[in-house]
Amino acid sequence: MGASQPSIPEDTASFRKLSPKQKAALVVVAMGADRASQLYKYLSEPEIEDLTYEVARIGKTTNSQVESTLDEFYKLCLAHKMMTDGGMDYAKVVLEKAFGESTAKNLLDKVSKTLASKPFNFFSKGDPKALLSLLAPERPQVIALIMSYMEVAQSASVLENLPEEKRIPTVIAMANMDRVSPEAIAIVEAEMKRKFSTIITSEDNMSLGGIDYVADVMNHIDRSSEKKIFDELDVSNPDLSSEIKDKMFVFEDILTLDDRSVQRFIRDCDEKDVVFALKTASEEMKEIFFNNMSKRMAESVRDDMETKSNVRLKDVEEAQQRIVNLIRKLEAQGEVIINKGGDEDTIIV
């Protein structure tokens, strides 16, 4: 009797026959109702109808079908992150090592089609100087919208090189931006169509800009530009300026400071603030503090931390914020160095 050909498992064969919509339905079912309801917020009405229809008719599924579908979904998410964070070449190398050449190519082809439809995606491939020359004449609101679709580093580069009279209005417009309607995006697209022909209308509201985004952009620009922007912002909109600064350096960033800077700000710290701030801190953070304070102060802080109980989280966060504010103040005076690169003034000699 000749050797029989190995049969394809029924579950695997079923998975291969699933349409993209059916696979999406399996992912939604696997996510559970709570998570799925959050996902639905980002879908258009036709997409919700299609997905709901597939979920309703999906019937019984096996563990193998669900696992295979989720595995493909995970790989697509991973490929998307690799491409957006490191670019096509980086994603290709990593994915080929992880999944093999054939699977990597399939994933990259699918993700490339998705990324190509992202509004203003063409900006990521354009020459920086050419893009700046096209953006500079536009209104700050238009610049802010387009920058919000860019990667943070590219957005920071644009902000650094904008005409000075456009910088502050653009920062304010970006910080005040929240959810942008399709109509607003369509207006911007219509205005820019004479210059670019590849803009694709977004069908859904997108969460753009905001204080966190501006803070991230500011963390990437050089110190000279940062100082000019904040000097003007402190006068024109001090509340917004303060909000952005608060987001730019958080308590956990103390781990990135050199010992000399840590010793400097600890000298001016209220000991009570240190006690409260370290209540929820990691062991690594506590070590940074204790290694850079006097032996007497370290013993006193440790004793107070042991005796103080039932400390409110609000009090901890306020203490941490006061320390952060102190660090920002000392940095402005040149007595503390926050290592973020991009400026020759930060080089230690």
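Which residue's side chain meets that of D71 in a salt bridge? I started my notebook with this one. The partner is K75, and the N to O distance is 3.1 Å. I am working from a predicted model, so every value here is computed from that model.

**Entry 1: the D71 and K75 pair**

I looked up where the two residues sit. Both D71 and K75 lie in helix α5, which covers residues 63-99. They are four residues apart, about one turn of the helix. I noted the general rule beside it. An α-helix has 3.6 residues a turn, so residues three or four places apart point the same way.

Then I checked the cover on each partner. D71 is partly exposed, because its relative accessible area is 35%. K75 has 18%, so K75 counts as buried; the cut-off for buried is under 20%.

**Entry 2: the whole chain**

I stepped back to see the protein chain as a whole. I counted 19 helices and two strands in its secondary structure. The chain has 349 residues, and 38% of them are buried.

Among contacts with a separation of 6 or more, 75% are between residues 24 or more positions apart.

**Entry 3: other salt bridges**

How many salt bridges are there by this rule? The count comes to eleven.

D268 is partly exposed, with a relative accessible area of 41%. R264 is buried, at 12%. I found that this pair belongs to a network of salt bridges linking R264, D268 and E335.

The next joins K286 and E283, with 3.6 Å from N to O. These two are three residues apart in helix α17, so about one helical turn separates them. Is K286 buried or exposed? K286 has 17% relative accessibility, so it counts as buried. E283 is exposed, with a relative accessible area of 59%.

**Entry 4: α15 against α19**

Two packed helices are described by the angle between their axes and the distance between the axes. For α15 and helix α19 (residues 313-332), the angle is about 115° and the axes are 10 Å apart. The crossing of α15 past α19 is right-handed.

Which residues meet here? On the α15 side I listed R264, F265 and D268. On the α19 side they meet I323, L326, I327 and L330.

**Entry 5: nonpolar cores**

In soluble globular proteins, nonpolar side chains tend to be buried together.

The largest nonpolar core has 37 residues, and L159, M218 and I244 touch the most other members. The elements giving two or more residues to this core are α7 (128-135), α8 (140-147), α9 (152-161), α10 (164-176), α11 (182-192), α12 (211-220), α13 (223-236) and α14 (238-248). There is a second, separate core of 31 residues, and its members include V275, F276, A281 and M293.

I took a further look at α8. Seven of its eight residues are buried, so α8 is largely enclosed by the rest of the structure. The buried ones are P140, V142, I143, A144, L145, I146 and M147.

**Entry 6: two single residues**

I picked V27 first. V27 is in helix α2, residues 20-31. Its relative accessible area is 8%, so V27 is buried. What does V27 touch, leaving aside neighbours within four places in sequence? V27 is in contact with T69, L70 and F73. V27 and T69 are 42 residues apart in sequence, yet their C-alpha atoms are 7.0 Å apart in space.

My other pick was N292. N292 lies in the loop between α17 (283-291) and α18 (295-307). N292 is buried, because its relative accessible area is 9%. Not counting residues up to four places away in sequence, N292 touches D259, V262, Q263 and I266.

Technical notes. Residues numbered from 1 in each chain as written. Predicted model: local features only at pLDDT ≥ 70, side-chain atom pairs only at ≥ 80, totals over all residues. Heavy atoms only, no water. Buried < 20%, exposed > 50% of the residue type's maximum accessible area, 1.4 Å probe, protein only. Contact = heavy atoms within 4.5 Å. Salt bridge = Lys/Arg side-chain N within 4 Å of Asp/Glu carboxyl O. Core = buried A, V, L, I, M, F, W, Y, C linked by side-chain atoms within 4.5 Å. Axes fitted to C-alpha atoms, helices over the stretch in contact; angles between N-to-C directions. Left-handed = near helix turned anticlockwise from the far one by under 90°.
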